[in-house]
Amino acid sequence: MSSSLHSSNPTVGKAFWATLKRDLKIAIRHRGELANPLIFFLLVITMVPLGVSPSPKTLAMLAPGMLWVVALLATLLSLDALFRSDFDDGTLEQLLLSPQSSYINVMAKVFVHWLTTGVPLTLVAPLLGVMMSLPEAGYIPLLLSLLLGTGSLSLIGAIGAALTVSLRKGGLLLSLIVMPLYVPVLIFGASGVRAAIEGFAYNTQLAVLGSFLALAIIAAPLAIAGALKMSVNN
Amino acid sequence: MANSKDQQALAISLDNIACQRDERQLFSGLSIEINAGDVLQLLGPNGAGKTTLLRCLVSLSQPAVGEIRFNGQALHQNLYAYRSQLLYLGHLAGIKSTLSPAENLRWYAGLEGDDVNLEERIETALKEVGLYGYEDQSCFNLSAGQQRRVALARLYLSKARIWVLDEPLTAIDKAGIAKLERRFAEHSASGGIVILSTHQDLKLDTLKQVDLQDYLPTPDMLMGGL
């Protein structure tokens with residue numbers, strides 16, 4: 001497959017764009033599904049002041065961790081659908097049979113997932129930060145850490161989705177596979193925001209999140225493609 | 001369109017293939033040579049292993065025993081060259097119902113990296129399968145046969161020379177089948193390969209048939225492992 005990654009091959013880019021455009025179109029036509037993780041995020045965060053305490057002091061203490069945990073769960077909620085419909089209608093096997101490296105096509109699919117879940121979650125987070133009385137110093141770090149972190153979440157989650165796509169009821173298994181891998185992202189994401197609120201530098205945490213993302217971009221698509229090949233081969 | 005490089009010889013050879021599914025031996029000792037211009041029809045009752053063999057042929061799965069070679073090299077050593085020549089139509093149509101027929105075909109053309117005169121060619125392909133006027137409707141509004149025809153439009157769009165088709169004639173009407181037969185004949189005359197499974201009788205001069213029932217594993221092979 002190495003020849004397909006050769007840079008002089010112009011069709012690599014075309015395959016990437018074709019899959020990207022197709023998935024964006026599908027995402028836009030299924031607006032309801034698109035809104036699902038966002039509504040979940042919104043609902044849970046609005047419940048916190050009602051269920052825990054409306055006092056700004058308590059909320060401010062909970063805010064970084066709460067926002068991160070719920071964003072993570074919202075991503076998890078969206079994962080099962082990532083390859084499901086492609087698997088059911090046979091386009092997944094067509095995608096794997098493309099002469100181009102599966103890395104390219106898988107990358108396009110995960111990129112669309114990030115654009116349609118990670119980015120919206122990141123953009124809504126500051127708004128929900130207001131509801132959680134997040135101190136002012138926390139907004140920029142929250143945005144940055146979520147932007148980097150949700151990228152890793154999409155890539156790591158896609159591995160789990162690819163492994164479980166051929167199982168009819170893979171939902172629980174998917175969470176079990178993915179959750180442990182999400183923990184480091186959560187720890188560094190939430191602690192970056194907390195550090196910023198407490199007046200410390202948060203660039204270490206951002207750097208770690210960035211390196212997670214870099215590693216995930218390199219390695220995850222290979223794992224995803226491998227898992228998809230296994231899932232299709234049954 | 002075809003340049004001299006595209007006209008290279010094509011040869012697929014199956015060497016002593018055995019396939020199993022869920023620990024059950026389907027067939028064994030299957031050796032076939034498929035060359036440019038061949039139309040090969042796989043026969044066998046339901047469950048004989050036609051789909052399994054076709055999936056092995058496109059390298060979606062691997063045979064339990066034996067090797068499939070493309071132009072003399074094992075498939076996995078020559079995967080890029082093989083797949084750039086390959087069009088596979090599976091048991092599942094591979095059509096996104098949210099998208100229109102034209103959008104579906106655009107994606108397939110994109111995967112092949114082929115966009116010269118694309119819109120014109122998509123229009124012609126859809127005309128050929130009788131879907132002219134439906135190109136911008138969502139596929140879920142189409143009937144089962146029409147959805148199948150969207151997938152079959154790829155036969156008029158793609159430049160791939162090896163067609164592996166799993167039951168391509170399901171849900172297609174008589175006129176449609178006759179038209180597809182002509183398309184198979186055309187493809188074979190231009191030096192392509194068609195490998196298909198169908199229970200229909202095909203009227204083609206170049207037709208070769210392989211009945212998987214002739215390759216049922218013998219009892220002593222089952223006893224001795226393989």
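In strand β7 of chain B, W163(B) is the bridge partner of L87(B), and this pairing belongs to a predicted model, in which local features need pLDDT of at least 70, side-chain atom pairs count only at pLDDT 80 or more, and totals for chains, interfaces and linings use all residues. Residues are numbered from 1 along each chain as its sequence is written, while chains are lettered from A and ligands numbered from 1 in the order in which they are written. Helices (H or I, at least four residues) and strands (E, at least two) are DSSP runs numbered from the N terminus, and two strands pair if DSSP finds at least two bridges between them.

**The parallel sheet of chain B**

- Strand β6(B) pairs with β7(B), residues 162–166, in the parallel sense over four bridges, and β7(B) also pairs with β8(B) in the parallel sense, over five bridges, with I162(B) standing opposite I193(B) in β8(B).
- These strands belong to an open sheet of five strands with parallel pairing, in the order β6-β7-β8-β3-β9 of chain B; β6 (86–89) and β9 (207–211) stand at its edges with a single partner strand each, so one side of each is left without a neighbour in the sheet.
- Neighbouring strands of this sheet are turned by 15° against each other on average, direction ignored, where axes are lines fitted to C-alpha atoms, for helices over the stretch in contact, and angles run from 0 to 180 degrees between N-to-C directions.
- Helix α7 of chain B, residues 174–189, packs on the sheet and touches β3 (39–43), β7 and β8 (193–197) of that chain, its direction making about 145° with that of β8(B); two residues are in contact if their C-beta atoms, placed from the backbone, lie within 7 Å.
- Five of the five residues of β7(B) are buried, so this strand is largely enclosed by the rest of the structure; a residue is buried if 20 or more other C-beta atoms lie within 10 Å of its own, exposed if 12 or fewer, and partly exposed in between, with C-beta atoms placed from the backbone.
- Both faces of β7(B) are covered, with I162(B), V164(B) and D166(B) buried on one side and W163(B) and L165(B) buried on the other.

**The antiparallel sheet of chain B**

- Four strands of chain B form an open sheet with antiparallel pairing, in the order β2-β1-β4-β5, and because β2 (24–35) and β5 (73–74) stand at the edges with a single partner strand each, one side of each is left without a neighbour in the sheet.
- Strand β4 of chain B, residues 65–70, pairs with β5(B) in the antiparallel sense over two bridges, and the bridge partner of F70(B) in β5(B) is Q73(B).
- Helix α1 of chain B, residues 50–57, lies across β1 (11–21), β2 and β4 of chain B and runs at about 130° to β1(B).

**The fold of chain A**

- Chain A has nine helices and zero strands, and 48% of its 234 residues count as buried.
- The C-alpha atoms of chain A fill a box of roughly 55 × 35 × 30 Å, taken along the principal axes.
- Of the contacts in chain A with a separation of 6 or more, 82% are between residues 24 or more positions apart.
- In helix α4 of chain A, residues 81–89, the buried residues are L82(A), F83(A) and D86(A); they cover an arc of only 60° around the axis, which puts them on the same side of α4(A), the arc being that of the directions from the helix axis to the C-beta atoms.
- What covers these buried residues of α4(A) includes α3 (56–79), α5, α6 (102–131), α7 (139–164) and α9 (203–232) of chain A, and just after α4(A), G90(A) takes a positive phi of about 90°.

**Where the chains meet**

- The contact takes 25 residues from chain A and 24 residues from chain B, and on the side of chain A that touches chain B, α1 (11–29) and α5 (91–97) each supply at least two residues, the largest share, nine residues, coming from α1(A).
- A18(A) has its place in helix α1 of chain A and touches W107(B), G110(B) and L111(B), not counting residues up to four places away in sequence.
- With 24 C-beta neighbours inside 10 Å, A18(A) counts as buried.
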